[in-house]
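This briefing is for a reader who is new to the structure. Please look over the sequence and the model first, then read the notes below.

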Amino acid sequence: MNTSALVIMLVTMFMVTGLTVYFFYRVLNAPPKPEPDSYLDNDDEPGRQPMA
Amino acid sequence: MSANKESWGSRVGLILAMAGNAVGLGNFLRFPVQAVQNGGGAFIIPYLVCFLVMGIPLLWIEWSMGRFGGRFGNHSTPYILDTMGKHRLWKYIGVFGIWTNIAVAAYYCYIESWTLSYVVHSVLGTFNGMDQEGVAAFFNTYVSIGESTLGIPLEAVVFYVICLLLNTWILSQGLAGGVERVAKVGMPLLILFGMFLAYKGFTITAGEDGAINDSSVGLNYLWTPDYTQLWSPTVWLAAAGQIFFTLSVGMGTIHCYASYVRSKDDIALNAMSAGWMNEFVEVVLGASILIPISIGYLGIDRVTELVQSGGLGLAFKTLPFLFTQWGEVLGAVAGVMWFGLLFFAGITSSLAMGTPWMGFLQDEFNWKRKSAAWSFGLIVLVLGMPTVLFFHYGVFDEYDYWAGTVSLVVFALFESILFAWVFGIDKGWREIMSGSDIKVPGIYKFIIKFVTPLLLLFVFIGALITPKGNDWGAALSGNWELDDSSIIKKLMNTSLHRQIAEATDPAVLEHLQETLFFVNASRILLVAVFLSIAALVYMAYKKRVREGKI
C-alpha cells in the first residue's frame, strides 16, 4: 500500500476501534443504578430493590 | 390504560439492539462505494466531522426525546413530539416516525429476503461452476420472479413472505424476548463473520485462487486520499448523507427504543456506545470486504464500472462468483458468512422498524403486543408486494427515495428544531445529562442548538436543488441548472420523461411508460399510507380528549 493510504487507514481503524472498545468498556463497568431501573435482568437481586 | 408493558432485558441488550438498528446493509454496501466516489481516504475526514457534529448530536436528541416521551407513556413519535411541543401540529410531524418505518420495512424486508435466499443458495452450491455473467443473470432472473433453481414457484415471493413472517413472529415475542434476543445473537455473529471476511479481504494474493491483484491494490483504491475533494460541497453532502443513513436517525426507531428507558438511567453513554459500534462495523469491517475482494479478482477498471450502479450489484451479482474462486467448501462458507452477516444487519434493523407502529397501537388503542405485531406484518406485506412484483418498474426505488431518504432528512430537521428551539436547549440539555454515566462536553450545547440544524438544512437544500452534475462551482457562479437527481426534478419525473421522449424501440417505450405509471402509483400509495396514519393519530387525539387525558 502507498504510505498516505496506509497511514489514513490505520489511524482511522485504530481510532474507531479504540473508541468503540472504550465506550463499551465504560458501559460494562458503569455502576448499576438502584432498582427499579429500566432493565429486567437484575430485578431479583435483593440488594438492588427499592427502599421500603 | 396502555397495554404496553414492554421492557428491556439488560443494558447491554439495549445497546446491541440500538447498534443492530443502526447497522444495516448500507454499512457494507453503501459506505465503501461512497468513499470510493468521494475522495477515497480523504472522505473519512468529512465523514467523521459529520459524525461528531451531526450524528452524535442527533443520537443524543433522539435518545432523550424518546426517554422523555416514554415518561408520559408514549412510545412512538406522534405523541413523543406532542409532549415536547405545545402546537398540535407536532404530532402530525411525528407521523413521519411511523410512516417511514412501515414504508422502508416494505422494501427493506425484500432485500433481507434476498440475503436469506442467497444463504440457502450458497449452502446448496448454486453458484458453483457459474461465471460472473451467470451469477449476475441469476440475480436478474430472481428479482424478475422468473425461474426458480430450488423448484419453488415464485421463489422471491416465498422468501419475502418467510422473511416477513420471521420478523413478525420475533416482534410478537416483545422487546426483551424477541428483538433483544435476536440482537444478542445477531450482532456478535455479524462481527465474527465480518472479521473473517475482512481477514480474507486483507490477505488476497495475486495469482492465488484466480486473484489478479493483491489486497493492497483494493485497499489503496479505497484509502488513497484525494485531498482536493475536501473543497467540494458534494463530498461533504455525501459524507453527511452517509452518516445520516448509517445511524438510522430521522426514522423514529431510536425514540421508540429509548422510550422504554427510565429517567434516572443513562442515555448519553448508551448512545455513544451504540453509535461507535455502528462506526466500527462500517469503517473497519465494511471498508475491508466489498472493495478489496472485488478488486482482488476483477481489477480496478471493472470495479470502477460496477460501483457506478451501487453496492447492491456488487454484493449480489459479483461476490457470489468471487467466493466460488476459493473452492467449493470455503466458497460456501464465505457465501454463508457474507449473506449471513447482511441478513443479521438487515433483520436487526427491520425489527426496529416494527416497534414504533406497535408502540402506537398499544399506547393509543390498547392493542395487545401480538395483534400489533401481526398488523405490522400484514401492512408491510400489502405495501411491500408491489416492490417485489414490480421491482423492474421503479417501485422499489421510489419507496427507497421518498421514505428511505427524503423523509429521514425532513423529520430529523424538524426534530432538531423542536428539541433545540421549541422544547428549549436548556431543558433538552438537562434531559441528555439526566442519569448520564459520562460527562458530555459543553460545546455540544452550542452544536445541538446551531450546527446540527444548520447542517441538516444544508443537506436538505443540497438534495432539493442539487445542481447539474453536482457542479456547485458553476451553480454558485450563476448557472444553476437542476440535476435530475434533485428532489424537484425527481418529483417532476424529468429523467423518465426525457427517456420516454428519446425512446425509439417500442418495447423500451412501453416499459418506460409502465414505469412512469408504477412510479406515480407508488407515490399515491405512500401518500395514502401517510394520511391514514395521520387519521389514526387524529382518532387517538379524540380518544384522549374523550378519556380526559388532554
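Buried area is the accessible area, taken with a 1.4 Å probe, that two parts lose on being put together, summed over both. The model shown here is predicted. By that definition, chain B and chain A bury about 3100 Å² between them, and carbon and sulfur atoms give 70% of this area.

**Where chain B meets chain A**

- On the chain B side 41 residues are in contact with chain A, and on the chain A side 28 residues are in contact with chain B.
- Trp223(B), Lys264(B) and Trp276(B) together supply 19% of the area that chain B buries against chain A, which is more than any other three residues.
- There are 16 residue pairs in polar contact between the two chains, counting pairs with both residues at pLDDT 80 or more.
- Five helices of chain B each give two or more residues to the side that touches chain A: H1 (11-22), H4 (44-71), H10 (175-202), H11 (215-223) and H14 (268-285).
- Of these elements, H14(B) gives the most, with ten residues.
- The count of salt bridges between chain B and chain A is one.
- Asp437(B) forms a salt bridge with Lys33(A), and their closest N and O atoms are 3.4 Å apart.

**The annotated span of chain A**

- An unreviewed UniProt entry annotates residues 6-25 of chain A as "transmembrane region".
- In the model, residues 6-25 of chain A are 100% helix and 0% strand.

**Nonpolar cores**

- The largest nonpolar core has 205 residues.
- Within this core, Phe28(B), Tyr110(B), Trp223(B) and Trp338(B) touch the most other members.
- A second, separate core has six residues, among them Ile500(B), Leu512(B), Leu516(B) and Val519(B).
- Leaving aside residues up to four places away in sequence, Trp338(B) touches Phe28(B), Leu29(B), Leu197(B), Ile289(B), Leu290(B), Ala315(B), Leu319(B) and Phe323(B).

**An exposed valine**

- Val123(B) is found in helix H7 of chain B, which covers residues 96-124.
- Val123(B) counts as exposed because its relative accessibility is 56%, and exposed means over 50%.
- Val123(B) and Phe196(B) are 73 residues apart in sequence, and their C-alpha atoms are 17 Å apart in space.

Conventions: Residues are numbered from 1 along each chain as its sequence is written. Chains are lettered from A and ligands numbered from 1 in the order in which they are written. This is a predicted model: local features need pLDDT of at least 70, side-chain atom pairs count only at pLDDT 80 or more; totals for chains, interfaces and linings use all residues. Side-chain values use heavy atoms; hydrogens and water are left out. UniProt positions are given in the numbering used here, feature names are shortened, and annotations may be inferred rather than shown by experiment. Helices (H or I, at least four residues) and strands (E, at least two) are DSSP runs, numbered from the N terminus. A nonpolar core is a set of buried Ala, Val, Leu, Ile, Met, Phe, Trp, Tyr and Cys residues joined through side-chain atoms within 4.5 Å. Buried means under 20% relative accessible area, exposed over 50%, partly exposed in between (1.4 Å probe, protein chains only). Contact means heavy atoms within 4.5 Å. A salt bridge is a side-chain nitrogen of Lys or Arg within 4 Å of a carboxyl oxygen of Asp or Glu. A polar contact is a pair of N or O atoms within 3.5 Å; within protein, one must be able to donate a hydrogen and the other to accept it, and residues adjacent in sequence count only if both atoms are side-chain atoms.
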